[in-house]
Amino acid sequence: MTRSLSFRVARFMTLALIGILVLVFLYFYIATVFVGNPRVMAELQSKPDGQLSDLVGILTLPDGRKIPVNYLHEEKQVFLGADGPWWRDFRGDGAEVVMWIKGNDFRGRATVKLGDSKIKDRVFPIIRPRVPDWLPDFLNAKLVVIQLYDG
């Protein structure tokens with residue numbers, strides 16, 4: 001009797017913990033996508049030369065969605081850290097995108113660089129300075145590189 005009771009308690013606690021984790025994930029997803037992103041994009045568009053625009057731009061994904069992303073713009077490339085699943089659009093040959101930086105549209109081809117730790121180690125401390133070093137790579141963002149077109 002006590003064995004089946006302890007099994008039921010353990011099962012209940014496991015399900016409760018999973019439920020709490022799902023609720024926390026949903027809360028952060030809703031807060032980011034429906035509250036944070038629109039607020040950040042509105043600030044960027046109202047102050048394209050503001051302090052925030054030095055760190056954050058607006059990426060137009062192949063499906064037309066727009067998301068704010070931290071970036072590093074170096075000559076003909078823009079480096080991004082992809083936290084969400086949107087990086088999957090850029091596997092293989094990548095996809096054409098528009099990156100809005102400080103009021104200017106930059107067009108190019110975005111590709112995800114899954115195995116390029118040399119560039120990631122150089123770029124991520126700049127575009128993701130608050131991410132802890134001890135974070136395992138599979139939990140960290142994916143490196144997306146936009147090769148900009150001329151003209």
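Q: If contact means heavy atoms within 4.5 Å, which residues does G94 touch, not counting residues up to four places away in sequence?

A: G94 touches D89, R109, A110 and T111 once residues up to four places away in sequence are left aside. This is a predicted model, in which local features need pLDDT of at least 70 and side-chain atom pairs count only at pLDDT 80 or more, while totals for chains, interfaces and linings use all residues. Residues are numbered from 1 along each chain as its sequence is written, and side-chain values use heavy atoms, with hydrogens and water left out.

Q: Where is G94 found, and is G94 buried or exposed?

A: Helices (H or I, at least four residues) and strands (E, at least two) are DSSP runs, numbered from the N terminus, and G94 sits in the loop between β3 (77-82) and β4 (95-101). For accessibility, buried means under 20% relative accessible area, exposed over 50%, and partly exposed in between, with a 1.4 Å probe and protein chains only; G94 counts as buried because its relative accessibility is 19%. Although G94 and I146 are 52 residues apart in sequence, their C-alpha atoms are 9.1 Å apart in space.

Q: How should I read the sheet, and in what order do the strands of the closed barrel run?

A: Strands of a sheet pair through backbone hydrogen bonds, either parallel or antiparallel. Two strands are taken to pair if DSSP finds at least two bridges between them; here six strands form a closed barrel in the order β1-β2-β3-β6-β5-β4, with antiparallel pairing. Direction ignored, neighbouring strands of this sheet are turned by 45° against each other on average.

Q: How many bridges join β4 to β5, and how many join β1 to β4?

A: The antiparallel pairing of β4 with β5 extends over seven bridges, and V98 has R107 in β5 as its bridge partner. Strand β1 (residues 56-60) pairs with β4 over three bridges, also in the antiparallel sense, and L59 stands opposite M99 in β4. Six of the seven residues of β4 are buried, so β4 is largely enclosed by the rest of the structure.

Q: Which helix packs on the sheet?

A: Between β2 and β3 there is an antiparallel pairing over four bridges, where L72 has F79 in β3 as its bridge partner. Helix α2 (residues 117-127) packs on the sheet and touches β2, β3 and β6 (142-148), its direction making about 75° with that of β3; axes are lines fitted to C-alpha atoms, for helices over the stretch in contact, and angles run from 0 to 180 degrees between N-to-C directions.

Q: What is the phi of K102 in the turn between β4 and β5?

A: Most residues other than glycine have a negative phi. In the hairpin of β4 and β5, which has two residues between the strands, K102 has a positive phi of about 50°, and K102 counts as partly exposed because its relative accessibility is 36%. E75, in the loop between β2 (66-74) and β3, has a positive phi near 50° and counts as exposed at 75% relative accessibility.

Q: How many aromatic pairs does a search of the whole structure find?

A: A pair of aromatic rings is described by the distance of the centres and the angle of the planes. The search finds one aromatic pair, formed by W86 and F90, which is edge-to-face at 6.1 Å centre to centre, with 80° between the planes. Rings of Phe, Tyr and Trp (its six-membered ring) pair if their centres lie within 6.5 Å, and planes under 30 degrees apart count as stacked, over 60 as edge-to-face and the rest as tilted. W86 is buried at 11% relative accessible area, and F90 is buried at 0%.

Technical notes: Contact = heavy atoms within 4.5 Å.
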